[in-house]
Amino acid sequence: MPKSKRNKMVSLTKVKSKGRQGKEELVEKVQGSFEEFAHQYVLSFENMRSGPFKQLQGEMKTSSRFFLGKNKVMMRALGKSSEDEFQDNSAQLSKYLHGQVCLAFSNLDQKEFEAKLKEFEVEDFAQQGQTATYTVFLQKGTEALEGYAHSLEPTFRQLGLPTKLNFQKIELLSDVYVCKLDTELSVEQAKLLKLLGHKMSKFTLKVLVHRSKKGKIRQSEYGEDHLNKIKQSEYGEDHLNKIRQSEYG
């Protein structure tokens with residue numbers, strides 16, 4: 001008779017004592033969700049916004065539950081190998097719990113679940129460090145900034161645009177590229193794009209992997225890319241460690 005994987009005690013001795021109770025409660029909530037929901041998902045997210053995510057949680061609370069943060073604790077709850085996994089193949093989910101991801105439980109099948117996630121994709125203004133999705137060019141003269149209050153001229157100038165007031169109109173003294181496609185945005189560029197109304201960011205959630213009630217695992221194309229990035233990151237860290245050892249060892 002196969003050994004039951006239910007009601008396993010999870011050791012948290014390797015976790016720091018600070019906040020230990022909260023981590024134990026998280027383990028219990030994750031493991032308890034297997035009984036309440038038929039499907040488990042690991043999701044990646046881009047350009048996280050607390051507002052849309054809270055709205056998503058609120059509207060899906062009767063069918064789904066989301067766990068965000070504390071990836072290592074969630075890995076302990078799921079198990080890291082076939083020997084310590086909580087349910088059949090639950091450890092297969094753990095390998096995706098790296099980086100900007102969350103764990104979700106749902107009674108919606110994958111098609112229904114992904115359709116619901118799609119409803120909550122929200123365009124927003126890009127922040128510093130994000131990549132420009134297209135080029136923004138402003139032509140010399142008064143037309144480029146027409147419609148903006150003359151009181152904004154000092155703000156535009158402080159953010160790097162060559163401007164001056166010309167009969168209560170903001171005049172651009174030369175042609176300017178605010179940003180170029182595929183370049184990383186600075187603080188000033190992000191602020192300028194917001195002032196100009198250009199939204200280059202989108203809050204999205206993508207399914208990396210799905211586990212069914214019977215324990216069947218289905219990886220998406222996004223999941224494959226995610227694992228490749230993890231491997232590349234681990235290889236890079238290992239390579240750096242070897243360099244350090246050769247230099248100091």
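Contact here means heavy atoms within 4.5 Å. The views below come from a predicted model, in which local features need pLDDT of at least 70, side-chain atom pairs count only at pLDDT 80 or more, and totals for chains, interfaces and linings use all residues. Residues are numbered from 1 along each chain as its sequence is written, and side-chain values use heavy atoms, with hydrogens and water left out.

**View 1. Val-30 and its contacts.** Leaving aside neighbours within four places in sequence, Val-30 is in contact with Phe-67, Met-74, Ala-77, Leu-78, Leu-103 and Phe-105. Val-30 is also among the residues with the most contacts inside the largest nonpolar core.

**View 2. The whole chain.** The secondary structure comes to eight helices and 10 strands. Helices (H or I, at least four residues) and strands (E, at least two) are DSSP runs, numbered from the N terminus. Of the 249 residues in the chain, 38% are buried. Buried means under 20% relative accessible area, exposed means over 50%, and partly exposed lies in between (1.4 Å probe, protein chains only). Take the contacts in the chain with a separation of 6 or more: residues 24 or more positions apart account for 75% of them.

**View 3. Helix α1 against helix α3.** Two packed helices are described by the angle between their axes and the distance between the axes. Helix α1 covers residues 20-36, and helix α3 covers residues 71-78. Their axes come within 9 Å and cross at roughly 50°. Axes are lines fitted to C-alpha atoms, for helices over the stretch in contact, and angles run from 0 to 180 degrees between N-to-C directions. α1 and α3 are therefore oblique to each other. Angles under 35 degrees count as roughly parallel, over 145 as roughly antiparallel, 65 to 115 as roughly perpendicular, and the rest as oblique. The crossing of α1 past α3 is right-handed. That word applies if the near helix is turned clockwise from the far one by less than a right angle; anticlockwise makes a crossing left-handed.

**View 4. Residues between α1 and α3.** From α1, the contact is made by Lys-23, Leu-26, Val-27, Val-30, Gln-31 and Phe-34. From α3 come Val-73, Met-74, Ala-77 and Leu-78. Together they divide into eight nonpolar, one polar and one charged. Ala, Val, Leu, Ile, Met, Phe, Trp, Tyr, Cys and Pro count as nonpolar, Asp, Glu, Lys and Arg as charged, and the others, Gly among them, as polar.

**View 5. Two nonpolar cores.** A nonpolar core is a set of buried Ala, Val, Leu, Ile, Met, Phe, Trp, Tyr and Cys residues joined through side-chain atoms within 4.5 Å. At least two residues come from each of α1, α3, β3 (101-106), β9 (201-211) and α8 (221-248). α3 gives the most, with five residues. A second, separate core has 18 residues, including Ala-126, Leu-161, Leu-172 and Leu-185.

**View 6. Glu-36 in helix α1.** Glu-36 lies in helix α1. Glu-36 is partly exposed, with a relative accessible area of 46%. Not counting residues up to four places away in sequence, Glu-36 touches Arg-65 and Asn-107. Ser-63 is 27 residues from Glu-36 in sequence, and the two are 9.6 Å apart in space, C-alpha to C-alpha.

**View 7. Glu-123 in strand β4.** Strand β4 spans residues 122-124 and holds Glu-123. Not counting residues up to four places away in sequence, Glu-123 touches Lys-199, Ser-201 and Lys-202. Glu-123 and Phe-203 are 80 residues apart in sequence but 6.4 Å apart in space, C-alpha to C-alpha.

**View 8. The loop between β6 and β7.** Phe-167 is found in this loop, and Gln-168 has its place there too, between β6 (163-166) and β7 (169-172). Phe-167 is exposed, with a relative accessible area of 80%. Gln-168 is exposed as well, at 54%. Gln-168 has a positive phi of about 65° although it is not a glycine.

**View 9. Asn-89 in its loop.** Asn-89 is found in the loop between α3 and α4 (91-94). Its phi is positive, about 65°, although Asn-89 is not a glycine. Asn-89 is partly exposed, with a relative accessible area of 31%.
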